[in-house]
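Here are a few points to read alongside the structure, written for someone new to this kind of model. Please keep the sequence at hand while going through them.

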Amino acid sequence: DIIRTIRDPEKPNTLEELEVVTESCVEVQEIGEDEYLVIIRFTPTVPHCSLATLIGLCLRIKLQRCLPFRHKLEIYISEGTHSTEEDINKQINDKERVAAAMENPNLREIVEQCVMEPD
Amino acid sequence: QCVTTLEGHENEVKSVAWAPSGTLLATCSRDKSVWVWEVDEEEEYECVSVLNSHTQDVKHVVWHPNQELLASASYDDTVKLYHEEEDDWVCCATLEGHESTVWSVAFDRSGERLASCSDDKTVRIWRRYKPGNEEGVACSGTDPTWKCVCNLSGYHSRTIYDVAWCHLTGALATACGDDAIRVFEESASSDPQQPTFSLAAHNSPGWAVTLHCSASVLSTSVEAEPSRRKRPRVSFSRHMSLMARAVFPVSFLE
């Protein structure tokens with residue numbers, strides 16, 4: 001529910017509408033007392049590198065902010081949907097790269113727009 | 001009181017380290033470079049080398065315990081070693097083997113071994129073999145070769161962000177993204193060419209680990225988590241100060 005309303009950075013549709021994320025792409029495992037591992041596998045709309053990382057970033061930020069329980073988060077591009085998926089997966093799961101991206105005012109602005117709750 | 005600001009890196013500086021001599025400082029950055037700075041008696045700093053060997057962000061730099069040999073860990077999955085050769089700093093070795101970002105490195109007390117930890121959830125131990133070594137490990141020219149002699153896998157369930165090697169007891173401590181600190185000890189019967197380590201201590205709810213020692217202190221820090229709705233901040237009771245025990249074996253206190 002938290003991620004379905006995230007908007008695509010390029011199009012005026014949500015990630016759910018564009019089938020970038022679906023209910024089946026979300027996996028939750030219990031890893032401790034009240035702690036869960038959340039794994040998201042998303043399918044980018046176009047095999048364009050920067051957009052895929054941006055979507056990954058939006059997913060991470062939204063989930064980090066909104067999940068009401070202790071969690072560890074892994075976000076991946078679903079296998080076979082992108083030529084440089086290993087590179088992208090590595091970037092979006094590296095906490096320093098993520099933090100650096102969010103410190104970039106332009107990127108941050110785009111992410112904030114995409115994750116903003118609909119009115 | 002800030003005595004000087006060293007500028008030059010084009011992106012965040014991730015790690016700094018003083019050489020044992022105290023006259024050299026190494027820095028590394030997300031700009032993929034490692035810089036070596038020299039300081040004189042008047043506390044004047046001068047950049048003596050910019051090393052662009054890594055192909056991605058450099059996460060950590062550390063000096064050899066008694067030689068002017070520098071090690072760096074990178075997002076490019078390698079560890080690189082540098083030393084001065086004829087007035088120029090050069091990369092003299094590249095340690096390949098990790099399958100993902102290497103977050104940190106640590107030398108053992110002798111400086112003949114190096115431990116590296118990675119996003120691939122393993123800690124690898126590397127050993128230096130000098131030219132003409134007894135074990136018959138090939139070296140190119142006059143540079144020693146570093147060979148991976150141990151791979152600690154299956155102990156960590158997430159990225160290992162830091163590793164520290166106690167120079168007093170030889171214990172290896174790791175900091176992992178699964179919120180646990182682990183301490184490994186080398187087996188008494190460990191073969192130098194194929195050392196074996198076993199898990200000696202691990203902090204998880206219910207365990208308190210104390211190791212006592214006079215000089216060596218291992219401290220860990222916890223990354224503050226963003227506040228969550230309906231949940232208190234992760235309490236700092238999980239932050240542990242571990243001090244390595246010099247004389248007595250490791251014991252667990254529940």
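Predicted model: local features only at pLDDT ≥ 70, side-chain atom pairs only at ≥ 80, totals over all residues.

**Notes on chains B and A**

1. Over residues 95-126 of chain B, the end C-alpha atoms are 8 Å apart, and the chain there is 0% helix and 53% strand.

2. In residues 6-47 of chain B, the span is 0% helix and 50% strand, while its end C-alpha atoms lie 9 Å apart.

3. Taken as a whole, chain B has zero helices and 20 strands, and 45% of its 254 residues count as buried. Among the contacts in chain B with a separation of 6 or more, 46% are between residues 24 or more positions apart.

4. Turning to chain A, helix 1 (residues 49-66) has 18 residues, which at 1.5 Å a residue should span 26 Å, and this agrees with its end C-alpha atoms being 26 Å apart. Because 14 of the 18 residues of helix 1 of chain A are buried, this helix is largely enclosed by the rest of the structure.

5. The side chains of S78(A) and T43(A) are joined by a polar contact of 3.0 Å. Apart from its neighbours within four places in sequence, S78(A) is in contact with R41(A), F42(A), T43(A) and E85(A).

Note on methods. Residues numbered from 1 in each chain as written. Chains lettered and ligands numbered in written order. Heavy atoms only, no water. Polar contact = N/O pair within 3.5 Å; in protein donor to acceptor, adjacent residues only side chain to side chain. Contact = heavy atoms within 4.5 Å. Helix = DSSP H or I, 4+ residues; strand = E, 2+ residues; numbered from the N terminus. Expected span 1.5 Å × (residues − 1). Buried < 20%, exposed > 50% of the residue type's maximum accessible area, 1.4 Å probe, protein only.
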